[in-house]
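User: I'm new to this one. Can you walk me through it?
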Amino acid sequence: TGDEKAYRKMAESLKSGDIQERIAAATAFADWPNDEPFDALIDAFEEEDSVAAKERIFKSAIQLLSAKRLHNPDEIGNYWLTLSGYANTDTQKGKIIGQAVRANQGWSMVILNHYTENSHSQRIQDLAKKGIKKINNK
């Protein structure tokens, strides 16, 4: 994977009427060699009605951004911030918090501080505060 023809085919498959095809495309994009599919995954996530496909798309976006591969250093933080805006379950938010702590980059603290706000569950607030302490102690 990684060429323009494959990208176009998978981006089309994310819009397919067949749920299995959408899930397969999202899964394939998780292994893409760079961040190029991020916007397509976010668009698919927004438009998806199936809970199973939506979860797979979200998981693929996390895998895409967290894998050791060529990331655009000027955009990676923005991608994580965008993804955090779409996280609507504690499980999704917890995964983003975990990746922010592991990355320990400038964008990490922005995300962690966001999740300490009262609009998030107490569990997520506590997890984010724990992540902040962990980063500050490194």
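Analyst: Let's take the salt bridges, then a helix pair and its loop. Keep in mind that this is a predicted model.

User: How many salt bridges are found in the whole structure?
Analyst: A search turns up 3.

User: What does Arg22 pair with?
Analyst: Arg22 pairs with Glu48, with the closest N and O atoms 2.7 Å apart. Arg22 sits in helix α2, and Glu48 in the loop between α3 and α4, so the bridge ties together parts 26 residues apart in sequence.

User: Are those two buried or exposed?
Analyst: Arg22 is buried, and Glu48 is too.

User: And which residue does Arg8 bridge to?
Analyst: Glu4, at 4.0 Å between the closest N and O atoms. They are 4 residues apart in helix α1, which means about one helical turn separates them. Arg8 is partly exposed at 45% relative accessibility, and Glu4 is partly exposed at 42%.

User: What about Arg123?
Analyst: Arg123 forms a salt bridge with Asp90. That links helix α8 to helix α6, across 33 residues. Asp90 is partly exposed, at 28% relative accessible area.

User: New topic. How do α6 and α7 cross?
Analyst: Their axes come within 8 Å and cross at roughly 150 degrees. An angle over 145 counts as roughly antiparallel, so α6 is roughly antiparallel to α7. The crossing is left-handed.

User: Which residues make the contact?
Analyst: Among them are Ile96, Ile97 and Val101 of α6, and Trp107, Ile111 and Leu112 of α7. By class, the contact has 8 nonpolar, 2 polar and no charged residues.

User: What's in the loop between α6 and α7?
Analyst: Asn104 is there. Asn104 has a positive phi of about 50 degrees, although it is not a glycine. Asn104 is partly exposed, at 32% relative accessible area.

Technical notes:
Residues are numbered from 1 along each chain as its sequence is written. This is a predicted model: local features need pLDDT of at least 70, side-chain atom pairs count only at pLDDT 80 or more; totals for chains, interfaces and linings use all residues. Side-chain values use heavy atoms; hydrogens and water are left out. Axes are lines fitted to C-alpha atoms, for helices over the stretch in contact, and angles run from 0 to 180 degrees between N-to-C directions. Helices (H or I, at least four residues) and strands (E, at least two) are DSSP runs, numbered from the N terminus. Angles under 35 degrees count as roughly parallel, over 145 as roughly antiparallel, 65 to 115 as roughly perpendicular and the rest as oblique. A crossing is left-handed if the near helix is turned anticlockwise from the far one by less than a right angle, and right-handed if clockwise. Contact means heavy atoms within 4.5 Å. Ala, Val, Leu, Ile, Met, Phe, Trp, Tyr, Cys and Pro count as nonpolar, Asp, Glu, Lys and Arg as charged, and the others, Gly among them, as polar. Buried means under 20% relative accessible area, exposed over 50%, partly exposed in between (1.4 Å probe, protein chains only). A salt bridge is a side-chain nitrogen of Lys or Arg within 4 Å of a carboxyl oxygen of Asp or Glu.
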